[in-house]
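Subject: A structure for you to look at

Hello,

I am passing on a structure that I have been reading through, and I would like you to have it open while you read.

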Amino acid sequence: MKKALLVMLSVLLAVSAVFAGGAKEGSSDGSLRFMWWGGDARNAATVDVINKYMEENPEISIAAEINSDSGYVDKVAVMLASGTAPDIMQQNVDAVPDFVSRGDFFVDFNQYPELFDTSAFDANFLKNFGTFDGKLLAIPTGISGLAMIANNEAAEACGIDLTKQITWDSMLADGAKLHQEHPDYYYINVDTKILTEYVLRPYLRQMTGNKFLVDETKELGFTRDQLVEALSYIDQCYKQGVFQPAQESATFKQQTQNNPLWINGKFVFGWAASSNANLLMEAIPGGSFTAVKMPLAEDRVNDGYFVDTPQYMTVYSKSKNVEEAIKFLNYFYNNPEAQSILKDVRSVPPTSTARQICADNGILDPVIMQAVDYAQGMNGTSDKGFSTAPEVIQIQEDAIESVAYGTATPEQAADRAITLLEDYLSRQ
């Protein structure tokens, strides 16, 4: 069913692209729609900024459309394809390259330098995140990285040394030993979706130095044996009790902070994007936490991890109010009052001015700042593009799930994934 939906969305986007490029901006009526997803703090701050902007610009009306992150990418795809997308959209970073490849859906901010000020952004960061073929189509909402957060109390109870660099080998050995000695504990809190981004692809990037799928050549970035090795590692982590059984953790997929074992301190570590790591920590009131470096292979080609952005903001190219949407986003990113309200609700802010405001007010959580510092020190290369297209992510997750649930061996899962991946590449 999921694959059928992805195929349908691809067809709709392709058809819509025929019309999107020639769309004309209609006359502005001062009415905007702004759609995003987020938790309570992000939602409240964003609505507050919207209200402040409307107070200062009474001729503008902005409708807030708040969503869950579950199914959000599919919803955006349908809206783009049907021509019903909001003027301003928070975007999933992994989905934007696929949208960009399928049509002229987003406004190029470079065409509006008088309306949107990029001077407080790092130029290289904007070049790497949000720029496609020289067009600035998406504005990053923050500086983020994959974070590994330790529950200090659980680490102490289980005798885990938080000062040493974790390797894939040490994680497996220490995790198996921990669960054997403390059967009610697990090493790290995961779900099968997390494992695609935090283990499968970084494990392979460290081994090969390549993207999971190489966009330029439309080839696999790994061999069959290398994929089997990565899936075998995940298989052993499940079998030796490093990970909670998939059948038990599935209930909390994409909401690992709500897992009762995490809340009750029975995981030593949790994985999250630094922009969402606060959810892990807030789930244990009064807890004490430490950010540690992500696992590294001793014989790695590169670190496999990299600094990133948690989301993008885009303006819909068929909006009747393009200039008004850009003006609002300029306020959203660059106005000091807006920066003070938004603080770090979308991770460490992407502008130097907002970061200074947060620093002056003691807003940035030191654990999250440490996680971001670790991410900035990594030399891995982003594999966003084909590797993170929704269809490809689903193939990765299906392979992991088949191993996690014991319905396929790593070899069988790898063979099936490669067949599906090669079919995907043949259609690009």
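This is a predicted model: local features need pLDDT of at least 70, side-chain atom pairs count only at pLDDT 80 or more; totals for chains, interfaces and linings use all residues.

Residues are numbered from 1 along each chain as its sequence is written, and side-chain values use heavy atoms, with hydrogens and water left out. Helices (H or I, at least four residues) and strands (E, at least two) are DSSP runs, numbered from the N terminus.

Let us begin with helix H9, residues 224-239. H9 has 16 residues and reaches 22 Å from its first C-alpha to its last, close to the 22 Å expected at 1.5 Å a residue; the expected span is 1.5 Å times one less than the number of residues. Its buried residues (buried means under 20% relative accessible area, exposed over 50%, partly exposed in between, with a 1.4 Å probe and protein chains only) include Leu227, Val228, Ala230 and Leu231. The buried residues of H9 pack against H7, H8, H10, H17 and H18. After H9 comes Gly241, which has a positive phi near 80°.

How do H9 and H17 pack? Their angle is about 40°, and their axes are 9 Å apart. Axes are lines fitted to C-alpha atoms, for helices over the stretch in contact, and angles run from 0 to 180 degrees between N-to-C directions. The two helices are therefore oblique to each other: angles under 35 degrees count as roughly parallel, over 145 as roughly antiparallel, 65 to 115 as roughly perpendicular and the rest as oblique. Leu231, Ile234, Asp235 and Tyr238 of H9 make the contact (heavy atoms within 4.5 Å) with Ala399, Ile400, Val403 and Ala404 of H17. Those residues divide into 7 nonpolar, no polar and 1 charged, where Ala, Val, Leu, Ile, Met, Phe, Trp, Tyr, Cys and Pro count as nonpolar, Asp, Glu, Lys and Arg as charged, and the others, Gly among them, as polar.

Next is helix H13, residues 322-334. Among the buried ones are Phe328, Leu329, Tyr331 and Phe332.

Now for some loops. Asn302 is in the loop between strands S12 and S13, and it is buried, with a relative accessible area of 12%. Leaving aside neighbours within four places in sequence, Asn302 is in contact with Arg205, Gln206, Gly209, Asn379 and Gly380. Thr167, in the loop between H6 and H7, is also buried at 12% relative accessibility. Not counting residues up to four places away in sequence, Thr167 touches Pro295, Leu296 and Glu298.

Finally, two residues to check for backbone angle. Most residues other than glycine have a negative phi. Asp133 has a positive phi of about 50° although it is not a glycine. Asp133 lies in the loop between S4 and S5 and is exposed, with a relative accessible area of 82%. Lys343 has a positive phi near 45°; it sits in the loop between H14 and H15 and counts as partly exposed at 38% relative accessibility.

Happy exploring!
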